[in-house]
Amino acid sequence: MSNHSEAPVAPVEAYEPPYYVAVFTAVRTQDQSGYGETNTRMEDLVKDVPGFLGMDHAQTPGGLSITVGYFRDADALTEWRCNAEHRAAQKRGQVEWYQSYTLHVAKVERSHGFIRAQVPQSPTAG
């Protein structure tokens, strides 16, 4: 997982269903040589897939990393899954970076979100 501290912290918006999610959960090995660069490349590459909607990331204190990719339709998800660079990164991950992982793919049938309204600060607030 790349360092996302520069990016604003916000979940991917709730899109109008149906759409698809790919939930990738992993525990990584100790040796992460080259992982950061490859992960950044994959994040850049997936953005070029027509129908890619966004991605959420999280990591537990115990080391479980979770990435959720959102795709408009099954064709977009298939295009990503079949991308040659992505497939090479998957193979390298199995050999070097992952102790274990699970991939869940689901069709989203309901989706909603919430954003707290910003309260304007008074000019005298300090």
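Student: Which residues of helix 1 are buried?

Tutor: Buried means under 20% relative accessible area, exposed means over 50%, and partly exposed is in between (1.4 Å probe, protein chains only). Helices (H or I, at least four residues) and strands (E, at least two) are DSSP runs, numbered from the N terminus. In helix 1, the buried residues are Tyr 35, Thr 38, Asn 39, Met 42, Glu 43, Leu 45 and Val 46. Keep in mind that this is a predicted model, where local features need pLDDT of at least 70, side-chain atom pairs count only at pLDDT 80 or more, and totals for chains, interfaces and linings use all residues. Residues are numbered from 1 along each chain as its sequence is written, and side-chain values use heavy atoms, with hydrogens and water left out.

Student: Where do those buried residues fall, seen down the axis of helix 1?

Tutor: Take the directions from the helix axis to the C-beta atoms; the arc is that of those directions. For helix 1 the buried residues fall within an arc of 165°, so they line one face of the helix.

Student: And what do the buried residues of helix 1 pack against?

Tutor: Contact means heavy atoms within 4.5 Å. The partners are strand 1 (19-28), strand 2 (52-59), strand 3 (64-71), helix 2, helix 3 (84-97) and strand 4 (98-108).

Student: Which residues make up the largest nonpolar core?

Tutor: A nonpolar core is a set of buried Ala, Val, Leu, Ile, Met, Phe, Trp, Tyr and Cys residues joined through side-chain atoms within 4.5 Å. Here the largest has 11 residues in all: Ala 22, Met 42, Leu 45, Val 46, Val 49, Phe 52, Phe 71, Ala 76, Leu 77, Trp 80 and Ala 89. Helix 1 (35-46) and helix 2 (74-82) are the elements giving two or more residues to this core. There's also a second, separate core of 8 residues, including Val 12, Tyr 15, Leu 53 and Val 68.

Student: How many salt bridges does the structure hold?

Tutor: Side chains of opposite charge can pair when their charged atoms come close. A salt bridge is a side-chain nitrogen of Lys or Arg within 4 Å of a carboxyl oxygen of Asp or Glu. This structure holds 2. In one, Glu 85 pairs with Arg 41, with the closest N and O atoms 2.8 Å apart. That pair links distant parts of the chain, Glu 85 being in helix 3 and Arg 41 in helix 1, 44 residues apart.

Student: What about Arg 92?

Tutor: Arg 92 forms a salt bridge with Glu 96, and their closest N and O atoms are 3.0 Å apart. Both lie in helix 3, 4 residues apart, about one turn of the helix.
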